[in-house]
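Here's a quick briefing to read alongside the model. Have the viewer open and follow along.

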Amino acid sequence: MTAFPLPPGSTIGIIGGGQLGRMLALAAARLGFDVVTLEPEPDSPAGRVASRAIVGDYDDPQALQALSEACDVITYEFENVPAAAVTTLARLGASVAPGARALAVAQDRVDEKTFLNAHGAPTVAFAGADSPKSAAEAVAALGAPALMKTRREGYDGKGQRWVEHAADAAGVFEALGSVPVILEAPADFTRELSVIAARGRDGETAVYPLAENHHENGVLRRTLAPARASKALAEKAEAIAVRILGGLDYVGVMGIELFELRGGRLLVNEIAPRVHNSGHWTQDGCGVDQFEQHIRAVAGWPLGPTVAVARVEMLNLLGDEAEAWARHAHEPETRLHLYGKREIKAGRKMGHVNRVRPL
Ligand SMILES: Nc1ncnc2c1ncn2[C@@H]1O[C@H](COP(=O)(O)OP(=O)(O)O)[C@@H](O)[C@H]1O
Ligand SMILES: [Mg+2]
């Protein structure tokens with residue numbers, strides 16, 4: 001059994017080798033930890049800044065054994081870690097945070113919304129379906145239009161389509177691959193917001209100010225934070241976050257996506273049991289950013305302050321936009337964060353900039 005708090009010099013494992021893993025590894029290194037990554041791609045963004053990169057599939061028993069032997073605690077940068085990997089790590093006696101329950105809930109959109117509603121975090125009305133017939137029945141019950149999403153493995157708006165009429169439900173079900181789906185009532189939102197929250201091993205929680213998010217083609221484009229928000233709205237979001245993290249006995253940072261409805265009502269869209277793109281503003285807007293906060297939480301350290309010290313506009317650099325790095329480097333108010341990805345692909349998240357202004 002690992003004893004917490006982990007002293008500096010301990011080793012933290014990260015499953016996943018992308019940009020979130022890279023920024024977690026950099027934050028861990030700053031606190032004196034060593035990092036070992038597990039990622040199937042050689043030469044990954046996270047692996048290149050870690051002290052050791054294990055190259056292997058996420059559920060490869062030998063790779064998991066090597067990871068578990070090397071690390072005092074293991075975390076992850078994406079929520080689709082295979083359940084088999086979590087079971088194997090548990091059998092090896094590894095300490096994994098956030099825990100298996102949070103992963104399971106976040107991996108399945110029906111389980112997720114069921115959990116949220118049971119814990120005082122309201123969502124849109126929804127229904128699960130696993131056949132063309134039940135999909136049509138779900139749309140009839142919810143009313144059209146309804147949004148059909150695969151229950152598992154969607155991201156960046158992939159794996160979801162609007163059903164305009166109940167009669168279209170069977171066709172959309174087949175177009176999404178004839179896999180189990182969720183149908184959701186439309187959220188008539190005025191803004192998309194998110195809240196990044198952390199919970200430590202002692203149950204202490206720390207919640208960052210609300211962020212306002214703008215998407216393009218299902219991908220986050222821009223975050224403004226702290227978002228313009230009344231005290232009442234901020235308190236409502238914080239209360240929701242504390243209930244969700246407490247309900248999962250959560251350890252680590254979580255991203256909670258919200259819809260703000262007219263009149264200030266908040267619905268939870270989805271939760272991510274990890275650091276989140278809409279929390280990148282904290283790197284230059286807060287004393288302790290979401291990456292350090294996550295490392296602190298999983299290492300059993302005290303959580304850091306979450307107050308904003310600046311106002312930030314975060315812009316994702318997608319595809320060849322990252323080629324403008326030299327221009328961004330000239331802008332005095334701009335902090336540039338590049339992920340070291342070897343290959344530019346259209347729409348790929350290559351980096352982001354934080355434009356920093358006084359509060
Ligand atoms: N029920 C809904 N009503 C209206 N818009 C929605 C609904 N669900 C999702 N969206 C829109 O689609 C985007 C992506 O959906 P989301 O469930 O967050 O999937 P992903 O896992 O791809 O991020 C949301 O940010 C929001 O803009
Ligand atoms: Mg989302």
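Helix H3 (residues 83-91) has Ala 85, Val 86, Thr 88 and Leu 89 as its buried residues. They span an arc of only 160° around the axis, so they sit on the same side of H3. The arc is that of the directions from the helix axis to the C-beta atoms. Before going further, note that this is a predicted model: local features need pLDDT of at least 70, side-chain atom pairs count only at pLDDT 80 or more, and totals for chains, interfaces and linings use all residues. Residues are numbered from 1 along each chain as its sequence is written, while chains are lettered from A and ligands numbered from 1 in the order in which they are written.

- A residue is buried if 20 or more other C-beta atoms lie within 10 Å of its own, exposed if 12 or fewer, and partly exposed in between, with C-beta atoms placed from the backbone.
- Helices (H or I, at least four residues) and strands (E, at least two) are DSSP runs, numbered from the N terminus.
- What do the buried residues of H3 pack against? Their partners are helix H2 (61-70), strand E4 (73-76) and helix H4 (100-107), where contact means C-beta atoms, placed from the backbone, within 7 Å.

**The chain as a whole**

- Eleven helices and 17 strands make up the count for the chain. Its radius of gyration is 20 Å, close to the 21 Å that the globule rule gives for 359 residues, so the chain is as compact as a globular protein of that length. That radius is taken over C-alpha atoms, and the rule is 2.2 Å times the number of residues to the power 0.38.
- Along the principal axes, the C-alpha atoms fill a box of roughly 60 × 50 × 40 Å.
- Of the 359 residues, 45% count as buried.
- Take the contacts between residues at least 6 apart in sequence: 62% of them join residues at least 24 apart.

- Where does ligand 1 lie? Domain 2 and domain 3 both give residues to its shell, so ligand 1 lies between them.
- Around ligand 1 there are 15 residues, the closest being Val 124, Gly 157, Glu 184, Pro 186 and Ala 187; a residue is near if its C-beta atom, placed from the backbone, lies within 6 Å.

**Spots worth a click**

- Ala 169 is in helix H7 (residues 169-175) and counts as buried, with 26 C-beta neighbours inside 10 Å.
- Leaving out residues up to four places away in sequence, Ala 169 touches Ala 135, Ala 136, Val 139 and Val 163. The C-alpha atoms of Ala 169 and Ala 136 are 5.0 Å apart, although 33 residues separate the pair along the chain.
- Most residues other than glycine have a negative phi, and most peptide bonds are trans.
- Glu 153 is not a glycine, yet has a positive phi of about 70°; with 13 C-beta neighbours inside 10 Å, Glu 153 counts as partly exposed.

Notes: Contact = placed C-beta atoms within 7 Å. Domains from an automatic or database assignment.
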